[in-house]
Amino acid sequence: MNHKVIAEEIYGLNENIILIYAFNGTGKTRLSVAYKDISKEKNDGNHSGVYYNAFSEDLFVWDNDEPNDNEDIKLTINSSSLNKFHSFLDVPNIEEKLALYKPKYKFKFNYADLEKGFDSVTFYVDEETENPIKISRGEERIFVWCFFLALFEVDGFADIQNAHFFIDDPVSSLDDHNIYVTSESIFNLIEENYLDKNIVITTHHIGLFSILADRLTRGEKSGRFKQLTKAVILKNNGENVELKSVRNDVFLFHLHLMQIIDDAINSELFAYHFVLLRQLLENISSFIGMGRISFTLEQIGVDNEKIEETMSIINHLSHKNAYKLQFNKMAEDEENILKDIFQKIQIKYKFKY
């Protein structure tokens, strides 16, 4: 099959949350374009949804101002059909989305005529001088992603082109922590829109795919999402591509989580590692078939009289409302709890990672 046929297949699915895992080079961006074309055909040639893909990222290009030794370095925003929506965005819109990522910079938009959209973005650290800086590739990708998250909420854009979101690989150049944060932002987007829109997410990142698949089909809130979610793999098959269903035991993300937590124990633990510990416990519980982490705590040998207290601590420290504080260094008693649980998991299941 070609990408148009695959897009037709996805468009016709009964489920309205579609997770697609695919290696780079399989054609995820081509699939998003094919999906756009088909959805326009079904809607009298008009856009019926909104997109985040490589074309979205390509709108942002660095102007390094080389002739002036980078004095006015900035991230330019190429003109597009989105410019007419820029007037509905401002710095606080983007800052709200960026907050989870803990940016180390400030930024401002530049424009000659706001009705024609933003010309560029200047990043800086010193709020008094606002001396321009160049942020890293990972930071740039996060900024662009948050720009589009804010744009998705603009009246006249996503509320008119409201049939679907198509999100193609928003995690390139990101580290493990930011992969988790991005999964949180996508999950929030799904939670707010899944009853009204079809949501298609493609990614080459096994961690992002696994986190979302687990939360939507086996996590605490999976009751509302499970029947509406389909997880598939996009594979090359010679000169063609095809969709393959995912077996529950294919993606062993728990081993990746264990490696991250183990490394942190041997270096420095932050509060957000409790979020990863909870994800590990949920993953193990799902694999066992119980769906509740208290069962896993029982199995690994946590004292029965302390399970309720331990659950309360885990729930409190991994609650999403506290996530903005997740880069706080973990307190000593919290470290001891995490280390004890992690050691018990290692002793009980003897995972190799």
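How many aromatic pairs does the structure hold? The structure, a predicted model, holds 21 aromatic pairs. One of them opens the views below.

**Close-up 1. F60 and F147 form an edge-to-face aromatic pair.** The ring centres lie 5.3 Å apart. The planes make an angle of 75°. F60 belongs to strand β3 (residues 60-63). F147 sits in helix α5 (residues 137-151).

**Close-up 2. Helix α11 packs against helix α13.** Helix α11 covers residues 293-300, and helix α13 covers residues 332-349. Their axes are 9 Å apart and cross at an angle of about 70°. An angle of 65 to 115 degrees counts as roughly perpendicular, so α11 and α13 are roughly perpendicular to each other. From α11, the contact takes in T296, L297, Q299 and I300. From α13, I341, K344, I345, K348 and Y349 meet them. By class, the contact of α11 with α13 has 5 nonpolar, 2 polar and 2 charged residues.

**Close-up 3. Nine positions surround the second largest cavity: I10, Y11, L13, E15, N16, I18, Y35, N198 and V200.** A search of the whole structure finds 3 cavities of 30 Å³ or more. Two elements, α1 (3-11) and β9 (198-203), each give two or more residues to its lining. That lining divides into 6 nonpolar, 2 polar and 1 charged residue.

Definitions and conventions:
Residues numbered from 1 in each chain as written. Predicted model: local features only at pLDDT ≥ 70, side-chain atom pairs only at ≥ 80, totals over all residues. Heavy atoms only, no water. 1 Å grid on protein atoms, 1.4 Å probe; cavity = no way out; pocket = protein on both sides within 12 Å on 5 of 7 lines; lining within 4 Å. Points joined across faces, edges and corners; volume = space filled by probe spheres on them. Helix = DSSP H or I, 4+ residues; strand = E, 2+ residues; numbered from the N terminus. Nonpolar A, V, L, I, M, F, W, Y, C, P; charged D, E, K, R; others polar. Axes fitted to C-alpha atoms, helices over the stretch in contact; angles between N-to-C directions. Parallel < 35°, antiparallel > 145°, perpendicular 65-115°, else oblique. Contact = heavy atoms within 4.5 Å. Phe/Tyr/Trp six-rings, centres within 6.5 Å; stacked < 30°, edge-to-face > 60°.
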